[in-house]
Amino acid sequence: MQHGWHTLRYGPDPHCKRAGLAVAGLCLFTGMATCAAALHSRHSLGPPLLQQAAHGDRQALQRIRHAAAQGNAQAETDLGILYAHGDGVPQNYTRAFSWYRKAAAQGNATARHDLAALRRRLRREMYR
């Protein structure tokens, strides 16, 4: 299970809150040095990275692509969002659909929702 990833539209997933509580407990139990390391690793990927990629930051986009290539479902969902909206990348519904499908196959609820929404949108556009 991956923790710490968010999407631009849907906010934190409920598992992130649990991870945050675990980090807080770790801080109380082991001290500040461990706390700083845990917080840094937890936030090394996540909303700021996605927002940076959406605003054209190539390094942020590469980090998301790398995580998606390794099978991270939330990174796959985030790439789907970027391609669907054309944020930081050229808008490409085929690529968005592909990334959403990969993430949905792993059980990512946001990807399933966005995949269904993209299908409805494409159907509407096809029948105009």
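The structure is a predicted model, in which local features need pLDDT of at least 70 and side-chain atom pairs count only at pLDDT 80 or more, while totals for chains, interfaces and linings use all residues. Residues are numbered from 1 along each chain as its sequence is written, and side-chain values use heavy atoms, with hydrogens and water left out.

Ile81 belongs to helix α5, which spans residues 73-85; helices (H or I, at least four residues) and strands (E, at least two) are DSSP runs numbered from the N terminus. Between the C-alpha atoms of Ile81 and Phe97, which are 16 residues apart along the chain, the separation is 9.4 Å. The protein as a whole has seven helices and two strands, in the order β-β-α-α-α-α-α-α-α from the N terminus on. Of its 128 residues, 37% count as buried. Among contacts (heavy atoms within 4.5 Å) between residues at least 6 apart in sequence, 48% join residues at least 24 apart.

Two packed helices are described by the angle between their axes and the distance between the axes. Helix α4, residues 58-69, packs with α5 at an angle of about 130 degrees, the axes being 8 Å apart; here axes are lines fitted to C-alpha atoms, for helices over the stretch in contact, and angles run from 0 to 180 degrees between N-to-C directions. That angle makes α4 oblique to α5, because angles under 35 degrees count as roughly parallel, over 145 as roughly antiparallel, 65 to 115 as roughly perpendicular and the rest as oblique. On the α4 side Leu61, Ile64, Arg65, Ala67 and Ala68 take part, and they meet Ala75, Glu76, Asp78, Leu79, Leu82 and Tyr83 of α5. By class, this contact of α4 with α5 comprises eight nonpolar, no polar and three charged residues, where Ala, Val, Leu, Ile, Met, Phe, Trp, Tyr, Cys and Pro count as nonpolar, Asp, Glu, Lys and Arg as charged, and the others, Gly among them, as polar.

Leaving aside neighbours within four places in sequence, Val89 is in contact with Leu61, Arg65, Leu82 and Tyr83. Val89 and Gly56, 33 residues apart in sequence, lie 7.5 Å apart in space, C-alpha to C-alpha.

Technical notes:
Buried < 20%, exposed > 50% of the residue type's maximum accessible area, 1.4 Å probe, protein only.
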